[in-house]
Amino acid sequence: MSNEKKNLQQNPSRYFRVLTAVLFLADVVLAPWLREGNRSFSVRVFIQSVKAVGGIEKFALTEAGKGNTEGIANLTMNYWCIYLIIVLGAVLLLRAAWLLAGRKERFLSGTAYALGLLYLCAFMIFNYYGYSGGMIVGMLLVFLDAMLGKYLDERQALREAEAALRAKEQAEKEEKKRREAFPGRYGSEFYRVIFKNFRANIRDFLLFLVGAVLTMTVLLVIWGMEQGCGGIRLLGASALQQQIASSLKQLLPVFMFLAVLMLSLIISGYLRTRMKNYSMYIALGIRNKTLIRIIGLEYGTCILTALAGGILLGLATLKIIGVPIAGNLLRMLPPAVLCYLLVVLISTLVNYHIFEFKNVLRYNRSSANEPVPRYGAGVMMGIGLFVMLGSLGLFARRGSGEDLYILGGLIAGFGLFLYGAATRILKKRVARLQVTETGLLTILPWRNRFRTNVRFLFLLTALQIMLFGIFLPRLAAQGIPTEKTAPYDYVAMVYDSDLPDLQGLKKEGTLQELPMLRATTPLGADISRLKKDYRTVLWPQGQHIAVSESSYRKLCRQAGKTPKKLNLSADGHRVHIVMQQNAASEAHNLEWYSGGGGNLFRLGQPLVAYDRNQVTRTYIPHDATYERTNLVGALHAGNQENILVLSDSYFRSVYSQKRQARDPSVSIPPSAVKEGPDQLVLIRVKTGQNKAVESVLEKIQKRHSSDLQYDESIRTWYGVAKAEKNNEAAADFARRMEEMTAVGLLLMVLFTFCIRYSLAGAEQRKEYRLLGTLGMNDREQEKLFNREARTYVLCSMGAALVLSAPFAALLPFLRMFRRSQSLLYLRNLLGLGGGTMTVLLLVLTVLTRYYRRVNR
């Protein structure tokens, strides 16, 4: 038996991968993978159910219902994606047999991981059913198989290399005995040398410290602002609180992701530099245990010092911006510290291979070279392209809004594509090098530091994608002027029994009454912002104002706007929706429920119970045209109380029904007498009569307080001026947050560039001295350095602009800009983008010249 085959059979990852294959197959056969409400399906049961009905077409029609085109398409794709799980199980079973036979399994493992990732991406895009425990366990098994199996392989390889070196280095045994016989006390000269060595590397230490301090500071500021605005509370919250909650919800995961990438680069370069110093300590006679203590003390001191410095700087920042600290410290400090420690832990684990060297004398540049992947480049490029296109498709759907998680999918897909493309390009350059024998000095840095260079290029591009694809377009939209406020002082939604009370206000102002109905949706808010709710139905259910087409035209004329030509259906299936929000507000659908094809609503009060498995039978999908304008006031910044326009004939037919007593066939709140208010009253008040009007409206609201028992944010009446001020404060906060985020991303791009050449300074100086010894003059060295820096700058910026362009171009479509607004948005975007690119290129050019001088 050859040594290679013997080592393969002794590798613990062999048995671990066989075990994961067996567990995965058992999970596929026995555990439920899909869930809808109280129903769960295993893979076998789901396929049998489809075949029993007569095929996926009939099953999809029965399950999703006729007319639900999107649901049928998603369900059909869910069915075909199930076969990816079967193929994945077959590949894992074949790999298990291959491993038991003592063969290599790299190709089969790569195929299995690609199938698992492809299924996960497809499930996230075509998500008709929810996930169940079987799917979580199965995907977790594939993830553990990839990560833990890779770790076991690398650990076995390191052990084999260590054993081979130990056999060749017999002379080291005497040195080890000498160190073990150390009397136990070091002289003062020894500590002086250690301190001087630390001072010589103080720049790397400070870079590490600054990165960690900034991470902790930003995390504490984020959590402090969340607690300062009263927590992420949507029910009963103002537009400003909702905007703060939305901004923080988007900012926290993005920043943590970027912090992990940034700190992993800093830690990688810092440890590589310090490893060389640690080998000098051993040469001076230090014991391994003492060395481990020094390494742990230095690393721990930096982490804890950064933690303390970040807390102090974060608290000072919160005090400057006016966030209350007293009483909130215990609520904001623990989660911020936990997030910081999580970021540091992940960043450290990314560089676990450096800590594997138990004897740092064996850690040298040749052994630290990062291998280029041998297989899977095409698979990674294909999966990455698929994920990028899927993310772009999700963003183009109006119902998906402008969620940053979609951009996260684009960045993740680009990372896979970049890794595969860099592998493919480098292999072709190496092959061409063997023929032409030119370009060696350009290829070597990528050949020896492949992972580090790809990681750095990915981080640089990801930062610019977020800058040019999301935050600069949003800032450009913020420059569009706010639309004129509707000509009313108060807007009330009351019952016909309340009209006598309002008639007494004619002395205080003028009233206009329009017939209306309340329209509710399955979900009236972004559910990821809400706290856990243990109701059996979706909640909160958004509430909007349904009016007839004639009333819509009256509202448009009184607001000084031209009504659109509508093509509404007499059966109510085709409707028109007026989103009452400004151009600076993020786009979203009428409702936030993503499982029924969009535009789902019913006329009437919120429901306390219905069949969760048949949501689209309770809330019917409708065809809809959209319009963004302000007719009665942006009462909830466009999140609630939008205008739903029905045809006159259909509105008359349902209006007479809904005005009657409650329908016993539906589960509306027991205290509700009718299916919601039926009169929209628009009030203009004379000067100085506001208190009298508000007193009457408060009495009416108390009379119908039961309508608010499930959703405090929906009220009987609204002061238009107060709502507009609230919206202006929310828009101002959003603009400031986006400006801060854009500036922060710009600084992070520059900081990342500095990290790259600061950490590589010692290595580059050594390389350029060697090139000078071999005869390369200063001008040629400058060209080589400039070529490398240009690759990072231009490739990252070019890729970011290409990937950001569709997102920036789709924003006017999602927010329904008019032609003049689109032109103004384009002008603002070109100005912001051009200015940002100019600043980036100028500063990066200056930094390139600086590091070219310092690192040579």
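1. Helices here are DSSP runs of at least four residues and strands are DSSP runs of at least two, numbered from the N terminus. On that basis the protein chain of this predicted model contains 27 helices and 14 strands.

2. Of the 856 residues in the protein chain, 52% are buried, and the chain exposes about 40300 Å², of which carbon and sulfur atoms supply 62%. When contacts between residues at least 6 apart in sequence are considered, 82% of them join residues at least 24 apart.

3. E12 pairs in the parallel sense with strand E7 (residues 543-548) over 4 bridges, whereas strand E8 (residues 574-579) runs antiparallel to E12 and is joined to it by 3 bridges. Valine 645 of E12 is the bridge partner of valine 547 and also of histidine 576.

4. An open sheet is formed by 4 strands in the order E5-E13-E4-E14, with antiparallel pairing. Strand E5 (509-515) and strand E14 (717-719) are the edge strands, each pairing on one side only, and neighbouring strands of this sheet are turned by 15 degrees against each other on average, direction ignored.

5. Within that sheet, E5 and strand E13 (residues 679-685) are linked by 7 bridges, and leucine 511 has isoleucine 683 in E13 as its bridge partner. Helix H23 (residues 690-703) packs on the sheet and touches E4, E13 and E14, while helix H20 (residues 549-558) lies across E5 and E13, at about 150 degrees to E5.

Note on methods: Residues numbered from 1 in each chain as written. Predicted model: local features only at pLDDT ≥ 70, side-chain atom pairs only at ≥ 80, totals over all residues. Heavy atoms only, no water. Pairing = 2+ DSSP bridges. Buried < 20%, exposed > 50% of the residue type's maximum accessible area, 1.4 Å probe, protein only. Contact = heavy atoms within 4.5 Å. Areas by Shrake-Rupley, 256 points an atom, 1.4 Å probe, with all protein chains shown as cover. Axes fitted to C-alpha atoms, helices over the stretch in contact; angles between N-to-C directions.
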